[in-house]
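Thank you all for coming. I would like to walk you through one protein model, starting from the whole chain and then going down to single residues.

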Amino acid sequence: MPATPAHPAEFASVEDVTERFAAQGYIADRRLATTVFLLTRLDKPVLLEGPAGVGKTELAKTLAAATGRRLLRLQCYEGQDESRALYEWDYGKQLLYTQMLRDKIGELTADAPDLVSAVRRIEEQDSVFFSDRFLAPRPLLEAVRGEEPSVLLIDEVDRADEALEAVLLECLAEYQVSVPEVGTYTAKTPPYIVLTSNNSRDLSAALKRRCLHLSLGYPDAERELEILRSKETGLPEATARHLVEVVRGLRELRLRKNPSISETVDWARTLAVLGVDELGPEVLADTANVVLKYERDLGRALDVLPRLVDPNRTLPEPGHHHDGHGHPHHHDGHDHHDGHDHHDGHDGHDGHDGHDDRHEVDGRALRTAMDQQGRHDKDYYGAPGPGPTRRTAPGAGQGARSFAAIARRRAV
């Protein structure tokens, strides 16, 4: 019998992680549950890497729900300024207080012999306007100085610039944030920190060194079926099992975006709403847009859905396609390059001789290739870019400038 945890929200064992995650609808395998347990006991952040849609973000949400902690989320993006992650000075509040205290400022500088002396007196009061009262915390500072225990989710950190990575290091290593005008805040109760990455670029060694690491991929068929059961989609057991096999077959195609686990759940719910109890090519073609979000991917999938539904079924020759509504249409046998042909030979996936070789490739090798760093071109949403050309130093914001300007006017 596992020992009773010191704190009701702490996990008693790896098995306790699995059980409490399952109670929240998250099916965790042994490796993942072990990593979460170590995260909570070693007070180290965890970096989750893997393709989109395998449950990285959901893990942080589930961790917060299972432990009763507050969830704080920093959504990363290219060009993000560090002030959006750490803190900002509340310029509006500073200005309001300055206006309300203008008489007091006048008294302070009334007997100053010259402008320099007046400014010096006002500078001595900087600590009044650059204090906790006027500090607007962002997720990192809120997680560190907050009284309530929290889970800090730093989502899609690979989309942020390397400069922001450097800003994160202090918080990840020591659970503290330094504010030059005030001092250093150190967490009384260290937050559980979860970072996620879709592998659109390599992260720095300094960041990885501070974290536990876990690479997440698509689950095997039995675990994905178990996830469907836990979501209570309403789809019959046999149909759900068949759907999982179809989705796994789709992931073996050369798709721009593979169906995620959450999209598999959405597809199951869609079929349940339609009252489907047996899968067929027609109903899957009519609803495939639930999991396939690009027209080229949809065209490729419609060609192979009959084989995925019934492996013994004879497929038409390559070049026979479906229209955008999932219903078959016919070619005259002379022109296979009309407006409905999704395989034009220019996308880099078909052979140069026009022969479609996607059924001859090992699907596991394709999935592995899709999960490699640097696999995306410059137009991909998370690809590295030039980033911002100018950054604002913490504390040198609008509040400081406005206070100095008002002081100068009063002194004159």
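What follows is a short tour of the fold, the cores and a few side chains.

Before anything else, please keep in mind that this is a predicted model, in which local features need pLDDT of at least 70 and side-chain atom pairs count only at pLDDT 80 or more, while totals for chains, interfaces and linings use all residues. Residues are numbered from 1 along each chain as its sequence is written, and side-chain values use heavy atoms, with hydrogens and water left out.

Let me begin with the overall picture. The secondary structure comes to 17 helices and nine strands, where helices (H or I, at least four residues) and strands (E, at least two) are DSSP runs numbered from the N terminus. Of the 412 residues in the protein, 46% are buried; by buried I mean under 20% relative accessible area, with exposed being over 50% and partly exposed in between, for a 1.4 Å probe and protein chains only. The accessible surface is about 21200 Å², and carbon and sulfur atoms account for 50% of that surface, the areas coming from the Shrake-Rupley method with a 1.4 Å probe and, for residues, with only the protein chains shown counting as cover. If we take contacts, meaning heavy atoms within 4.5 Å, between residues at least 6 apart in sequence, then 73% of them join residues at least 24 apart.

Now to the interior. In soluble globular proteins, nonpolar side chains tend to be buried together. I use nonpolar core for a set of buried Ala, Val, Leu, Ile, Met, Phe, Trp, Tyr and Cys residues joined through side-chain atoms within 4.5 Å. The largest such core has 33 residues, and those with the most contacts inside it are Leu140, Ile154, Val157, Leu195 and Leu207. Several elements give two or more residues to this core, including strand S2 (70-75), helix H8 (139-145), strand S5 (150-155), helix H9 (162-174) and strand S8 (192-197). Which element gives the largest share of this core? That is H9, with five residues. Apart from this core lies another, of 31 residues, among them Leu225, Ala288, Val304 and Val309. Coming back to Leu207, and leaving aside its neighbours within four places in sequence, we find Leu207 in contact with Leu47, Val157, Glu165, Leu168, Leu169, Leu172 and Leu195.

Two backbone positions deserve a look. Asp43, in the loop between helix H2 (30-42) and strand S1 (46-49), has a positive phi of about 55° although it is not a glycine. Glu156, which lies in the loop between S5 and H9, likewise has a positive phi of about 55° without being a glycine. Is each of them buried or exposed, or in between? Asp43 is partly exposed, at 36% relative accessible area, whereas Glu156 is buried, at 14%.

Turning to the rings, the structure holds two aromatic pairs; rings of Phe, Tyr and Trp (its six-membered ring) pair if their centres lie within 6.5 Å, and planes under 30 degrees apart count as stacked, over 60 as edge-to-face and the rest as tilted. Phe21 and Tyr26 form an edge-to-face pair, 5.6 Å centre to centre with 85° between the planes. Phe21 is buried at 0% relative accessible area, and Tyr26 counts as buried at 9%.

My last stop is the loop between helix H12 (237-251) and helix H13 (261-273), where Ser260 is found. Ser260 is buried, with a relative accessible area of 5%, and beyond its neighbours within four places in sequence it is in contact with Ala52, Gly53, Tyr218 and Arg251. Arg251 itself lies in helix H12 and counts as buried at 2% relative accessibility. Where does the side chain of Arg251 reach? It reaches the backbone oxygen of Pro259, at 2.9 Å, as a polar contact, that is, a pair of N or O atoms within 3.5 Å, of which, within protein, one must be able to donate a hydrogen and the other to accept it, residues adjacent in sequence counting only if both atoms are side-chain atoms.
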